[in-house]
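Dear colleague,

Please find below the structure I promised to pass on to you. My notes on its two ligand sites follow directly after it.

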Amino acid sequence: MDAAPQTATPSAEGPIGAKAFLDQLFTAGVLTETGVDGLYGRSGDFEEVIERFEALVTRYAGADKAERIHFPPGMPRPMLEKSGYLKSFPQLAGCVHSFMGGEADHARLLQMLANGEDWTELQQATDVVLTPAACYPLYPTVAKRGPMPEGGVLFDLKSYCFRHEPSQDPARMQLFRMREYVRIGSPEEVRAFRESWLERGPELIRSLGLSCEIDLANDPFFGRAGKMLANNQRDQGLKFELLIPVANEKPTACLSFNYHQDHFGTLWGIQQADGAPAHSACVGFGLERVALALFRHHGMKVADWPQSVRAVLWG
Ligand code: AMP
Ligand code: ZN
């Protein structure tokens with residue numbers, strides 16, 4: 001760390017705490033407050049950092065020739081119901097509701113609104129749920145194509161994702177973007193894909209002047225049964241995360257590397273070329289989290305970031 005004079009730019013050393021970091025981001029105009037925790041506006045610089053980071057990810061993945069598909073941030077409700085998401089993460093799911101009444105109901109709604117009453121009971125669930133992870137809409141899509149070609153398939157996805165986990169930690173948003181590569185094929189192909197990203201991920205992050213480590217992880221499965229699922233996931237080494245120190249004592253998971261075995265292959269009927277259920281794995285980049293790590297370590301003004309970092313992003 002160079003001995004730069006103290007300015008509004010935060011010190012990158014040590015845990016300053018999530019709330020203090022959030023306040024710095026608001027003050028610097030990197031994020032804009034909306035009044036709801038985890039729901040923020042992003043500055044032009046913030047967006048440009050994400051664009052440049054994504055271009056870097058694409059360069060790392062370049063030779064892999066992934067098929068790009070972008071789904072909207074909402075997906076069919078029956079798809080989420082079948083995926084098992086509500087069994088594992090009911091606390092995070094979001095369902096879009098809409099007004100479907102007639103004129104009398106509308107008058108009631110306006111009256112409730114004027115009285116400051118809860119008008120949302122006049123809304124009903126639509127066929128749309130908010131996408132919780134970029135890869136969820138992919139599996140049924142691939143299944144519909146029929147048996148996969150020899151060698152399997154690779155996809156490049158990106159979506160805004162919703163998770164109901166309001167927090168004053170800027171790295172825990174309710175709406176955030178996930179870039180993902182998803183490999184579907186034989187167990188060997190899928191494991192080799194995950195291994196390759198477990199090597200590339202840290203290299204890519206360190207090239208941006210950020211320190212990181214890889215650790216075994218588990219998803220936040222709900223309830224008592226969820227504890228067993230989490231233990232099982234750890235015992236089998238199904239999830240790893242790339243952790244970067246951001247603002248908290250504990251470093252923040254910015255990338256994740258997930259091996260689903262044949263879970264989605266069996267659930268959706270995705271077949272390998274020989275008819276066996278396909279295996280799958282995904283690597284997810286938390287785009288806001290990576291951008292936040294960069295702002296935290298290199299300062300609130302992108303123009304003042306170290307030349308070496310700028311060269312990697314803008315080079
Ligand atoms: P996961 O499916 O939980 O492994 O999430 C994939 C990636 O998305 C994580 O590695 C994070 O970088 C990012 N992510 C997960 N939850 C959030 C959140 N609430 N806010 C911002 N980024 C998130
Ligand atoms: Zn995924």
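A residue is counted in the shell around a ligand if one of its heavy atoms lies within 4 Å of that ligand, and strands are DSSP runs of at least two residues, numbered from the N terminus. Please bear in mind that this is a predicted model.

With that criterion, 14 residues surround ligand 1, the closest being Arg163, Glu165, Met173, Lys239 and Ser256. Strand 11 provides the largest share of this shell, namely four residues. Both strand 8 and strand 11 (252–261) contribute at least two residues each.

Several polar contacts involve ligand 1. A polar side-chain atom of arginine 289 is 3.3 Å from one of the ligand's nitrogen atoms. A polar backbone atom of alanine 171 lies 3.2 Å from a nitrogen atom of ligand 1, and a polar backbone atom of glycine 286 lies 3.4 Å from an oxygen atom of ligand 1. Of the 480 Å² of accessible area that ligand 1 has on its own, the protein covers 92%.

Turning to ligand 2, a zinc ion, the coordinating atoms come from Cys135 (SG), Glu180 (OE) and Cys282 (SG), at 2.2 to 2.3 Å. The spacing of these donor residues in sequence is C-x44-E-x101-C. Cysteine 135 sits in the loop between strand 6 (123–130) and helix 6 (138–144), whereas glutamate 180 belongs to strand 8 (residues 175–185), 45 residues apart. Cysteine 135 counts as buried because its relative accessibility is 4%, and glutamate 180 is likewise buried, at 1%.

With kind regards

How values were computed: Residues are numbered from 1 along each chain as its sequence is written. Chains are lettered from A and ligands numbered from 1 in the order in which they are written. This is a predicted model: local features need pLDDT of at least 70, side-chain atom pairs count only at pLDDT 80 or more; totals for chains, interfaces and linings use all residues. Side-chain values use heavy atoms; hydrogens and water are left out. Donors are N, O and S atoms within 2.8 Å of the metal (3.2 Å for Na, K and Ca); water is not among the atoms, so sites may look incomplete. Buried means under 20% relative accessible area, exposed over 50%, partly exposed in between (1.4 Å probe, protein chains only). A polar contact is a pair of N or O atoms within 3.5 Å; within protein, one must be able to donate a hydrogen and the other to accept it, and residues adjacent in sequence count only if both atoms are side-chain atoms. Accessible areas come from the Shrake-Rupley method with a 1.4 Å probe; for residues, only the protein chains shown count as cover.
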